Amino acid sequence: MRYEAPNSVEAAVKLLASEAGMARVLAGGTDLLVQLRSGRAEPDLVVDVKRIAAMKAISAEAGGFRIGAAVSGAEMGEHAALGKLWPGVVEAARLIGSTQVQGRATMVGNLCNASPAADSVPALVAASATARIVGPKGRRDIPVEDVAVSPGKTSLAKGELIESVFLPARPAHSGDAYLRFIPRSEMDIAVVGAGVNLTLDAGGVCRAARVSLGAVAAKVLLVEEAAQALIGTKIDEAALAKLAAAASAACRPIDDKRGTKEFRIQVAGVLARRAAEIALQRARGK
Amino acid sequence: MDQIHVSTKVNGDAVEYVCEAEETLLDVLRDRLGLTGSKEGCGSGDCGACSVMLDGRLVCSCLVLGAEAQGVDIQTIEGMAKGDQLHPLQRQFIEHAALQCGICTPGVLVAAKALLEKNKKPTEHEVRFWLAGNLCRCTGYDKIVRAVMAAAAEMRGS
């Protein structure tokens with residue numbers, strides 16, 4: 001295995017594109033190092049992106065924030081303005097692992113690890129975040145929900161890497177939230193995760209919503225029907241019940257040691273509803 | 001296999017070493033630099049026994065490559081006591097019998113020190129959450145938490 005730590009994104013692309021064998025990107029390393037040590041990944045080249053200044057930065061852009069691929073969860077948590085604009089996304093990223101893991105783990109790593117149970121991904125999907133991909137052919141932006149294609153696999157081509165994630169500006173009266181179910185209070189993998197992002201008009205009617213579920217299918221789901229249950233309503237009891245039913249109906253989970261299919265389907269509805277209630281409180285400025 | 005030459009700083013001292021690309025910082029600390037205070041418990045970032053500070057950030061050294069340490073500032077358990085003068089956390093751990101087998105202790109101490117540098121007056125809840133990434137199979141955590149609270153109080157001078 002070769003280790004490289006380039007100073008520019010262009011140099012990183014060049015290294016990744018010209019490697020004949022298997023190449024992996026190293027940001028926080030909290031997934032990659034575990035895979036290296038267990039022998040699940042045996043790359044010929046590891047490209048450490050932490051020396052690329054743009055990938056270590058959180059920068060204000062067009063009323064939103066661009067978060068570099070090597071920014072850790074701890075750094076996100078310390079950025080007050082980011083947490084104010086997108087509290088649900090920051091909370092989701094902060095749920096990943098222990099204090100030690102938070103010091104290293106990145107949201108883009110979470111995205112590229114392509115686990116259906118990744119905590120930050122439903123929050124990012126609900127937020128309409130985009131991923132900026134850099135490769136031999138230049139840069140392109142794609143919705144974050146198009147990054148993972150199946151467990152452990154991404155849509156990125158050879159030589160490509162994600163440079164940053166962009167969280168857009170948001171209208172007044174907007175709120176987002178992410179909740180997950182785990183069997184303990186800290187440090188576990190989501191059995192179900194739910195992200196909700198919504199915007200109200202001045203009269204308190206929901207004008208836009210996005211609902212995303214994790215760990216209930218081969219990849220994180222964007223549940224259009226669940227969002228439709230909220231849009232046009234004041235998010236009353238009937239709308240929340242409809243949202244929960246739509247979220248449960250969208251699940252295509254597996255049985256595993258963390259939970260049965262039936263349990264996941266049930267919990268997805270409950271969590272989507274609770275996340276919507278928190279997002280609603282935030283949208284109302286409470 | 002190419003050896004990688006790394007210049008770094010450990011507990012304030014300039015240090016140079018060569019390592020393999022696959023080698024973790026934990027292995028470098030223990031096997032190349034002789035700093036065996038940091039322990040390997042799980043090797044997968046779950047137990048925190050290998051906790052060190054990397055540029056002021058608490059991390060598991062088993063999840064860091066030795067090569068990544070180029071130009072950074074590393075603080076390990078070996079830098080905690082000043083000569084014979086134990087850190088208040090170390091004294092309170094002894095005072096409260098907050099260790100039994102001792103394997104987790106260096107990592108817990110490094111993590112607790114990081115907490116007290118950020119938060120001089122943590123609640124018990126905050127101590128427990130902060131230390132959730134440090135597993136101890138002996139003490140049941142109560143004594144650890146009490147020792148950290150006592151050290152925090154001592155360091156505040158109250």
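## Starting from an enclosed helix

Let's begin inside chain A: G88(A), V89(A), V90(A), E91(A), A92(A) and A93(A) are the buried residues of helix 5 of chain A. "Buried" here means 20 or more other C-beta atoms within 10 Å of a residue's own, "exposed" means 12 or fewer, and "partly exposed" is in between, with the C-beta atoms placed from the backbone. Helix 5 covers residues 87-94, and six of its eight residues are buried, so the rest of the structure largely encloses it. Helices (H or I, at least four residues) and strands (E, at least two) are DSSP runs, numbered from the N terminus.

A quick word on the ground rules. This is a predicted model, in which local features need pLDDT of at least 70 and side-chain atom pairs count only at pLDDT 80 or more, while totals for chains, interfaces and linings use all residues. Residues are numbered from 1 along each chain as its sequence is written, and chains are lettered from A and ligands numbered from 1 in the order in which they are written.

Now step back to chain A as a whole. It holds eleven helices and 14 strands, and its C-alpha atoms fill a box of roughly 55 × 45 × 35 Å along the principal axes. The radius of gyration is 19 Å, which agrees with the value near 19 Å that a compact globule of 286 residues would have; this is taken over C-alpha atoms, and the globule rule is 2.2 Å times the number of residues to the power 0.38. Of those 286 residues, 55% are buried.

Chain A splits into domain 1 (2-167) and domain 2 (174-283), with bounds that come from an automatic or database domain assignment. Their C-alpha centres lie 24 Å apart. Where they meet, 25 residues of domain 1 of chain A are in contact with 25 residues of domain 2 of chain A. Our opening helix turns up again here: helix 5, helix 8 (120-126) and strand 8 (148-150) of chain A each supply at least two residues on the domain 1 side. That side divides into 17 nonpolar, five polar and three charged residues. For these classes, Ala, Val, Leu, Ile, Met, Phe, Trp, Tyr, Cys and Pro count as nonpolar, Asp, Glu, Lys and Arg as charged, and the others, Gly among them, as polar.

Next, follow the chain to an open, antiparallel sheet of four strands, in the order 11-12-13-14 (chain A). Strand 11 (174-181) and strand 14 (221-222) are at the edges with a single partner strand each, so one side of each has no neighbour in the sheet. Two strands pair if DSSP finds at least two bridges between them, and strand 13 (residues 206-214) and strand 14 of chain A pair over two bridges. L213(A) has L221(A) in strand 14 as its bridge partner. Helix 10 (residues 237-250) of chain A packs on the sheet, touching strand 12 (192-200), strand 13 and strand 14, with its direction at about 35° to that of strand 13. Helix 11 (residues 261-283) of chain A also packs on the sheet, against strand 11, strand 12 and strand 13, and its direction makes about 35° with that of strand 12. Those angles run from 0 to 180 degrees between N-to-C directions, with axes fitted as lines to C-alpha atoms, for helices over the stretch in contact.

The loop between strand 13 and strand 14 of chain A holds A218(A). This alanine is partly exposed, with 15 other C-beta atoms within 10 Å. Leaving aside neighbours within four places in sequence, A218(A) is in contact with P116(A), S150(A) and P151(A).

Elsewhere in chain A, strand 4 (residues 58-61) and strand 5 (residues 64-68) run antiparallel, joined by four bridges. One bridge partner pair is S59(A) and R66(A). The hairpin has two residues between the strands, and A62(A) takes a positive phi near 50° there.

Finally, look across to chain B. The contact between the chains takes 20 residues from chain A and 24 residues from chain B. On the chain A side, helix 2 gives the most, with four residues. By class, that side has nine nonpolar, six polar and five charged residues. Chain B itself is divided into domain 1 (4-79) and domain 2 (88-156), with C-alpha centres 21 Å apart.

Technical notes:
Contact = placed C-beta atoms within 7 Å.
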